[in-house]
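I opened the notebook to record what I looked up in this structure, element by element. The entries follow the order in which I went through the chains.

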Protein chains: 2
Amino acid sequence: MTILSRRTLLAGAASAAALPSFALWSAQFARANTPQAGKQAASFYRYKVGDIEVTVLSDGIARVPVTEAFVLNVKPEEVNAALREAYMEPGVFIGPYNPIVLNTGNRLVLIDMGTGEANYIATKGVAGQLLTNMAAAGIDPKAVDTIIISHYHGDHINGLLRADNSLAFPNAEILVPALEHKYWTDAGEESRSPTQRIADNFKNVRRVMTNPEVMKRLRTYEWDKDVIPGVHAVGTPGHTPGHTSHVVTSGSHTVYVQADVTHAPFLFARHPGWHAFYDHEPIQAEATRRKVYDMLSAEKMLVQGFHYPFPSVAHVEKTATGYREIPVLWSPVL
Amino acid sequence: MTILSRRTLLAGAASAAALPSFALWSAQFARANTPQAGKQAASFYRYKVGDIEVTVLSDGIARVPVTEAFVLNVKPEEVNAALREAYMEPGVFIGPYNPIVLNTGNRLVLIDMGTGEANYIATKGVAGQLLTNMAAAGIDPKAVDTIIISHYHGDHINGLLRADNSLAFPNAEILVPALEHKYWTDAGEESRSPTQRIADNFKNVRRVMTNPEVMKRLRTYEWDKDVIPGVHAVGTPGHTPGHTSHVVTSGSHTVYVQADVTHAPFLFARHPGWHAFYDHEPIQAEATRRKVYDMLSAEKMLVQGFHYPFPSVAHVEKTATGYREIPVLWSPVL
C-alpha cells in the first residue's frame, strides 16, 4: 500500500525538526476518557415528495435464522451465498422495519406501524422502535390523525396498541384495505388456514383489529381509489390476499410505497423468484413482485420499501437475474 | 397495476356495510394541521470496529455545477450521463462531506474536519454542519483530544477554526502527515503553484495551519507507522502530495478510512480514470485510486469515504469499467 516511503521518511524527519517533538509535547494533552455512547443515532430521515414531507422512521430490525424454513424454494446455502454477495454475515437474515409518516400540510398520516411497544420491551429495543424514533423526530403520536395499513401481518399492525393495550395513536382514524380486512376477519377463511403460521396470524388480527377502541376508528378503503388526497391504493396481492401498495403523489412527484411487494431487496428484489415463508400465496406474490418491479424499473420510479435498509428509499433497476436497489443519496439538508 | 379489482370492489362493498360509513364517522377526527418539520434529521451514525466506536458526522454537502472545469478529461455530457445512471439530477454534482470520530476507549479522535463554522453561516447550514451534528451526537468539541488530518484541502482542515478564528477543538493535539505539511508550508513550492486553485490553497493552509493556536498543537506523523494505537497511516498520494489514508484496526476488525482516494464513489469509484479538478497530480491520483480499490475489493475490506454518501461506509467491488460501492446496511441498533 505504501508509496514514496523513502521520500516520506526524509520529509518527515525534516518536518519533525521544525515542530515540537511528540514526547515533550503530547503530555500537555490530557485524555478525556469520554465514555462510548453505546447506542445508535435515532433513525429517522426526511424527504419531500412535492409539497408532502415524508419522515421515514425505523422500527428496528428482525434477526431471522437462515434455515430450510426461511426461503422455501431454495436451499439455505443459496441464501447464505446471496448474503455474502451483499457483504452480510451468512446464517442470519437481518430484516429492517420502516414505517413512514406523511405530513401533507393538512393531515399527519402514518403508513404501517411496526411491531409495537410490547416488542420493544421483549427485544430490548432491537425492534419496536417506532415510538422512540417518533419522539426523536418530534412527532407526537396524539397528532397522528390518519393511519393507513397495507396488510394485516403483525409487523404492520401490532404498533396500533401499546404494551398496556391502549391505543398508541388515540386520535387517528385507521384506514384498512377492504379485501384484507374481510379475509382476516372471516371465520370460514380462518377455519381453512393452510398453515399454523396463518392460523396464528388470524389470532393476532383478532387481538389487534377487533380491539374495541381500534374498531371504533376503523374504515375500509378500496383499491384503485385515493385513500386520502395524494395517496392512491393499488392492489398488490400475494404476500397477503389484500396486500396493498400506496402511490403518494404531489404535483409532478411520486413515490411508490411498496409495503411488502418484496421483503429486504438485497435478497428478494435481487431474487424475485424466491418464496419466503411469509408470502401467503407465493406464486401470486412472485407474479405481483415481477409486475411491480418491471414497472418501477421501467418508469425509474422512486420506491419506499417497508423492509428496505433504512432510510428505505431507492430506485430499482432490472438485472439479468432480477432487480437491484440503488439507495438514494442521503441528503443532510431537506 | 391493479389486480383482482372486481373481487376487491365486491369485497369492499361487503366490508363497508359492516363498518361505519366514512362521511358519518370521519367528522369525529379533527385534523391537527401539524406544521411540517422543514428540516432534516441530525445526520450522524455509529458503528463498531472491534472495541472502537466510530461516529460518522455529516458536515453537509457541496453543490458543484457540472461544467468543462469539473472533470478535466471527460465532457460534461458524460458526467451528466453518469449522474443519471446513479438516479441523480444532471447538471449539479452533490458532494457529501463526512468526518468521523473514533472513541477508542482512551482517546476521542476526530479524523478530518469539514468546511467549518464560517461555511455553515455562509451556506445557511448546507455545509459546515460538523459542530451541529456533533452536538446532536452528544460529542463535546472540548472532549476531542486528538485530531488526525488526511490532507490540507479546505474541506478537511477549515473546521479547525470557528467563525471567530478561535479553536473549534481547543484541547486536541493536531496530527498531520509530515509530507503534506512540508509541501504546503514550503515557500518554494508555493512560488511554483501550477494553478490559481493550488496557489489559493497555499494561502488557505497558511491561514489555518499557521494560526498560532493551531501551531502550538501541531505534530507531524509518518507514513507506514501508527499515528496512534489502532490508526495506521498509509501514503495515498496524488490527490495531494502528502495525501494519507488511515487503517483503523481493533482485534480482527478493520476499516480503511480512504479520505479522498476517490471523491463521491457514484462518479469517481465507478470511473476511476476520471480526473476531477481537485486532484493535484491526476496521473498519480488515478494510479493510487486503482491500487487502493483493487486491494479494497480483493480483500472485501470495509471502507469509510469522506465524500461517500452519508453514512459513508461501504464495501467496494470491481466491475468491468471500475468499481462499485455497496453501502452497508444501516443498523438501527449498535
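I began with the pairing rule: two strands pair if DSSP finds at least two bridges between them. Helices (H or I, at least four residues) and strands (E, at least two) are DSSP runs, numbered from the N terminus. The model is predicted, so I kept its limits in view: local features need pLDDT of at least 70, side-chain atom pairs count only at pLDDT 80 or more, and totals for chains, interfaces and linings use all residues. Residues are numbered from 1 along each chain as its sequence is written, while chains are lettered from A and ligands numbered from 1 in the order in which they are written.

**Entry: a run of strands in chain B**

I found that strand 10 (residues 226-228) and strand 11 of chain B pair in the antiparallel sense over two bridges, and that B:Ile228 stands opposite B:Val231 in strand 11. The hairpin of these two strands of chain B has two residues between them, and B:Gly230 there takes a positive phi near 95°. I then followed strand 11 of chain B to strand 12 (residues 244-250) of chain B, with which it pairs in the antiparallel sense over five bridges; B:Thr244 in strand 12 is the bridge partner of B:Gly235.

For burial I used the count of other C-beta atoms, placed from the backbone, within 10 Å of a residue's own: 20 or more is buried, 12 or fewer is exposed, and in between is partly exposed.

**Entry: the open sheet of chain B**

I noted an open sheet of seven strands in chain B, in the order 1-2-5-6-7-8-9 and with mixed pairing. Strand 1 (44-49) and strand 9 (218-221) of chain B stand at the edges with a single partner strand each, so one side of each is left without a neighbour in the sheet. From one strand to the next the twist averages 25°, with axes taken as lines fitted to C-alpha atoms, for helices over the stretch in contact, and angles running from 0 to 180 degrees between N-to-C directions. Strand 8 (residues 173-177) and strand 9 of chain B pair in the parallel sense over four bridges, and B:Pro177 has B:Tyr221 in strand 9 as its bridge partner.

**Entry: the open sheet of chain A**

In chain A I looked up an open sheet of seven strands, whose order is 10-11-12-13-14-15-16 and whose pairing is mixed. Here strand 10 (226-228) and strand 16 (323-327) of chain A are at the edges, each with a single partner strand, so one side of each is left without a neighbour in the sheet. Neighbouring strands of this sheet are turned by 35° against each other on average, direction ignored. Helix 12 (residues 282-299) of chain A packs on the sheet, touching strands that include strand 13 (253-259) and strand 15 (313-318) of chain A, and its direction makes about 100° with that of strand 15.

**Entry: helix 9 of chain A**

I checked the length of helix 9 (residues 196-209) of chain A: at 1.5 Å a residue its 14 residues should span 20 Å, and its end C-alpha atoms are 20 Å apart, which agrees. The expected span is 1.5 Å times one less than the number of residues. The buried residues of helix 9 of chain A are A:Asn201, A:Val205 and A:Met209. Seen down the axis of helix 9 of chain A, these fall within an arc of 40°, so they line one face of the helix; the arc is that of the directions from the helix axis to the C-beta atoms. The face turned away from the buried side carries the exposed residues A:Gln196, A:Asp200 and A:Lys203.

**Entry: A:Trp223**

I placed A:Trp223 in the loop between strand 9 (218-221) and strand 10 of chain A. Why does A:Trp223 count as buried? A:Trp223 counts as buried because it has 27 C-beta neighbours inside 10 Å. The C-alpha atoms of A:Trp223 and A:Ser245 are separated by 9.2 Å, and the two residues are 22 residues apart along the chain.

How values were computed. Contact = placed C-beta atoms within 7 Å.
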